[in-house]
Amino acid sequence: NNFVTIDNPFVQSKKIFQMYPVNIKKCQAQDDLKIVYMSRININANAEEKNIWNKYKDQLVEDFTLIDNNNFWEKISLNNNVEIKKFDLYKKLKLLLRFEIIKNIKARFDKKINLIGDDWSSFSFNSLPSIYNIKKIKKIYKGNICLDLGSMLGSISLYPRSNQIIESGGLIIQSFQSDSREIWGNISDKILFRNLSDLISLIEKLLDNKKYCFTLLQEISENFRHSNKSIEKSLDKIFNILK
């Protein structure tokens, strides 16, 4: 009877408890608009993981959604084909892809990106250590372009980090997720990206037009205007099962 909060190629369930952002802070885009990315990174990989990454790297960089595609995983054979080993590989490939994305964005936008998280400095990136103070995190997100590369555990649009960005008044741009069209509706094309080219285009458009940023912030807030009712529906699913 358990519900899950995530969807991935290995744990697929119709019983997903969907979270939503609430109490969204309304704000203007920052005058000195920054690209904010918060995350730790660990790309240490064993020989098998490195071989698979090197084999599929170009395909994954060309299409970020490939990593959550069942057909993609059917092509990969591991020495140990246990599901937990596949899931470990899934998370490792996500980290390696995440590193590749940030490396390219950092090279492209340099001082416009605020990279926050332990580990990044070991790769010679100009970055800040991890921040755990919620008030400080919200202040950094507020009114800035907030890059969201999805959850390490699966493919879902609304999870703790993305909800925190939205609630803080951050201008979220997100890699395409399995439920993206359903969650983002009419503003999907304004904040979603499938590859580096899409991501760079989104960032450039936002950096060049502060008025557009403000309008998009309002649209994001409006998109979740009925979040309380949506959460009630999610809770109803659980209570109906328990009856």
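Predicted model: local features only at pLDDT ≥ 70, side-chain atom pairs only at ≥ 80, totals over all residues.
Counting cavities of 30 Å³ or more gives 1. It has 13 lining residues, and Phe-64, Lys-94, Leu-97, Leu-149 and Ser-175 are the closest to its centre; to count as lining, a residue needs an atom within 4 Å of a point. Helix α3 (residues 83-109) supplies the largest share of that lining, with 4 residues. Sorted by class, the lining has 6 nonpolar, 4 polar and 3 charged residues, where Asp, Glu, Lys and Arg are charged, Ala, Val, Leu, Ile, Met, Phe, Trp, Tyr, Cys and Pro are nonpolar, and the others, Gly among them, are polar.

Helices are DSSP runs (H or I, at least four residues), numbered from the N terminus. The axes of α3 and helix α8 (residues 196-207) come within 11 Å and cross at roughly 40°, with axes being lines fitted to C-alpha atoms over the stretch in contact and angles running from 0 to 180 degrees between N-to-C directions.

Over at helix α4 (residues 134-141), Asn-133 caps the N-terminal end, with a side-chain oxygen 3.0 Å from the backbone nitrogen of Lys-135. Gly-143 follows α4 and has a positive phi, near 70°.

Residues are numbered from 1 along each chain as its sequence is written, and side-chain values use heavy atoms, leaving out hydrogens and water. Local features need pLDDT of at least 70 and side-chain atom pairs 80 or more, while totals for chains, interfaces and linings use all residues.

Technical notes: Polar contact = N/O pair within 3.5 Å; in protein donor to acceptor, adjacent residues only side chain to side chain. Helix = DSSP H or I, 4+ residues; strand = E, 2+ residues; numbered from the N terminus. 1 Å grid on protein atoms, 1.4 Å probe; cavity = no way out; pocket = protein on both sides within 12 Å on 5 of 7 lines; lining within 4 Å. Points joined across faces, edges and corners; volume = space filled by probe spheres on them.
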